[in-house]
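Open the model in your viewer and follow along. We will start with the whole chain and then zoom in.

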Amino acid sequence: MKKNHPLRRVVLAGAATVSGIVLLLSLKPASDPGSSQAAGAAAQEAARGGAAAAASGAITGDAAQTQYGAVQVRLTVGNGRITKAETVQAPKGGQSDRITADAVPKLNQAAVTAQSADIDAVSGATFTSAGYKKSLQSAIDKMKAGAGASQGAAGAAQVSGTFDGDAAQTQYGAVQVRITVSRNQITKAEAVQAPKGGQSDRITADAVPELNQAVVTKQSPDIDAVSGATYTSAGYKKSLQSAIDKANASAGAQQDSGAQQGSKAPEASGNGQAGGTFTGEAAQTQYGTVQVRITVSGGRITKAEAVQAPKGGQSDRITADAVPELNQAAVAAGDADIDAVSGATYTSAGYRESLQSALDQAGG
């Protein structure tokens, strides 16, 4: 594992199309003639010094953990306005099924009405409401970043790199997708996690290559499920959407940084600082999987969290003690060169391995 790994600066291309990756990855096939016309119109507006670009597409907020389960919100945006809100994750099982069925439609409607995360909690669903608002705010933040990336400027960001989606849990195991982007085009898609064991081995072997190819062909998560692999396909699409959201957020961060530097001096327009959310690869340990997500702003780690950690038996106590300490150490150090937590040797080693992976992604 690499040590003392500072975040590297991200290179911006100087002659990008005005629309940038937000339009290219806006959940529409690249061959959609309507999309091409919209991009052309945006370019003409920019050339005339027109109004600021408005975000469009589907944007998924980060999953918010609550006492009763994760809540994750996806927004459909048209011309800078929220036209639809939905939950892709919500608490389930027992009383949670009833509460979710009652609360989520109300929260979805409130989000569209308010056009913000400043919405009232639903009575009797305090935890679900809090998680919903947190994920909703994350989606809105991404929407704003995307709008910034597509702003008509002299040189919009050309994004290249590798982006790992969040792991999506299915009935048969986790699915996690990684996309490789080159000059705003998805050139490769792969599953870094997929269901395995028994019949899952055959289903995964048949379905995943087909899903990977569909992504590259369509340049979008709007792909068909593979027959006989319903759960794997659903998890794949969910993780894919997360990866595309991260690519879009990266474009927004680069665009904002490039614009700020470009206003100071012409030669400064080529460099920007990394920004966005990056999920490291899952690290396997003797007691379970550890996976780290970092939030980066202005080239610095502002938040670190474990999206997977060992659980069950003594692992619950060790994880509860060690992970907050490791998270704090990652933010303080700004790299993966952090000390292991006493009594949590395996968890610490897995954490550092996944953290290094996230840093590598952020560094480009």
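How many helices and strands does the protein chain have? There are eight helices and 14 strands; both are DSSP runs numbered from the N terminus, helices being H or I with at least four residues and strands E with at least two. This is a predicted model, in which local features need pLDDT of at least 70, side-chain atom pairs count only at pLDDT 80 or more, and totals for chains, interfaces and linings use all residues. Residues are numbered from 1 along each chain as its sequence is written, and side-chain values use heavy atoms, with hydrogens and water left out.

Color the chain by burial. Of its 364 residues, 46% count as buried (under 20% relative accessible area, 1.4 Å probe, protein chains only).

Select residues 199–218. This is helix 5, with 20 residues. Its first and last C-alpha atoms lie 29 Å apart, close to the 28 Å expected at 1.5 Å a residue (1.5 Å times one less than the number of residues). Its buried residues include T204, V208, L211 and V215. Step on to Q219, which follows helix 5 and has a positive phi, near 60°.

Next, select residues 345–362, helix 8. Here 13 of 18 residues are buried.

Finally, select T279 in strand 11 (residues 276–279). T279 is buried, at 1% relative accessible area. Show its side chain. Polar contacts (N or O atoms within 3.5 Å, one able to donate a hydrogen and the other to accept it; residues adjacent in sequence count only if both atoms are side-chain atoms) join it to the side chains of D166 at 3.1 Å and K246 at 2.5 Å.

Terms used
Buried means under 20% relative accessible area, exposed over 50%, partly exposed in between (1.4 Å probe, protein chains only).
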